[in-house]
Amino acid sequence: MSSEQGTEDTGGAVGTPRAVPIDQWPVAAQMSYWGFHQQRRVDYMRYAYLQLGSDADAEEAVDLTFDRIMDHWLRMLEMESLEGYAWTILKRRIIDMHRKRRRRPELMETAAFEAALADHVDDPYDTLTDAITLYAAVSALSERQRDAILLHYGMGFTAAEAAEVMGNQESTVRSQLRTGRRRLTTLLKLRCPEHPDGKNRS
């Protein structure tokens, strides 16, 4: 396998070969693409909505994500981290949507953030009466910490599930969760018990 992970190609440059239409791919490649689409679309939609706060914007961002993934799929099949490359494409489409709406790309929609956290009332972060304070604190985390926190606490993923979606190692996500929680504790001055197993409490 190639170790190529790199940044997403900008596309459209002069001399760039056009993508091979999917109906001209080998059957196995077509099946693998549609399998990935089925496996990840719902997760991508939930994450995009958490970031954008609009069903329409989330759907547009995810549709554009899979269009770009389709353009690069045959090459992605040779990558060591196909999931990580796809995650990068999704993140860039979300940033594009923020720019389209002339909003800061690093900030989530407050209403979407509050709605996502409402499903996890047993978590210590969810007991805060001022959700705006929590929103601002999470937005102040590093991008990797923020993704881990959002996938884990906002979407209920285990560390292993979050790692798979982002194309990371589980140990890396556990570390991001630990450092993210410590950072939030500092920002919020909130006593936060550690969850050594990296799972939500039931």
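Biologist: How many aromatic pairs does the structure hold?

Modeller: Nine aromatic pairs turn up in this predicted model, where rings of Phe, Tyr and Trp (its six-membered ring) pair if their centres lie within 6.5 Å. For a predicted model like this, local features need pLDDT of at least 70 and side-chain atom pairs pLDDT 80 or more, while totals for chains, interfaces and linings use all residues. Residues are numbered from 1 along each chain as its sequence is written, and side-chain values use heavy atoms, without hydrogens or water.

Biologist: Why is the pair of Y47 and W87 called tilted?

Modeller: The ring centres of Y47 and W87 are 4.7 Å apart, with 55° between the planes. Planes under 30 degrees apart would be stacked and over 60 edge-to-face, so the rest, this pair included, count as tilted.

Biologist: What makes this a link between distant parts of the chain?

Modeller: Y47 sits in helix α1 (residues 27–52) and W87 in helix α3, 40 residues apart. Helices here are DSSP runs (H or I, at least four residues), numbered from the N terminus.

Biologist: How do you know that the span of α3 agrees with what it should be?

Modeller: Helix α3 covers residues 82–100, 19 residues in total. Just after α3, R102 takes a positive phi of about 60°.

Biologist: Why are α1 and α2 called roughly antiparallel?

Modeller: Helix α2 (residues 55–76) packs against α1 at an angle of about 150°, with the axes 9 Å apart. Angles, from 0 to 180 degrees, are taken between N-to-C directions, and axes are lines fitted to C-alpha atoms, for helices over the stretch in contact. Under 35 degrees is roughly parallel, over 145 roughly antiparallel, 65 to 115 roughly perpendicular and the rest oblique, so α1 and α2 are roughly antiparallel.

Biologist: What makes α7 and α8 roughly perpendicular?

Modeller: Helix α7 (residues 159–166) and helix α8 (residues 170–188) pack at about 110°, axes 8 Å apart, and are therefore roughly perpendicular. A159, A160, A162, A163 and M166 in α7 meet E170, V173, R174, Q176 and L177 in α8, contact being heavy atoms within 4.5 Å.

Biologist: And why are α3 and α7 roughly perpendicular?

Modeller: Their angle is about 75°, with axes 6 Å apart, so α3 and α7 also count as roughly perpendicular. E83, G84 and W87 in α3 meet E164, V165 and M166 in α7.

Key: Helices (H or I, at least four residues) and strands (E, at least two) are DSSP runs, numbered from the N terminus. The expected span of a helix is 1.5 Å times one less than its number of residues.
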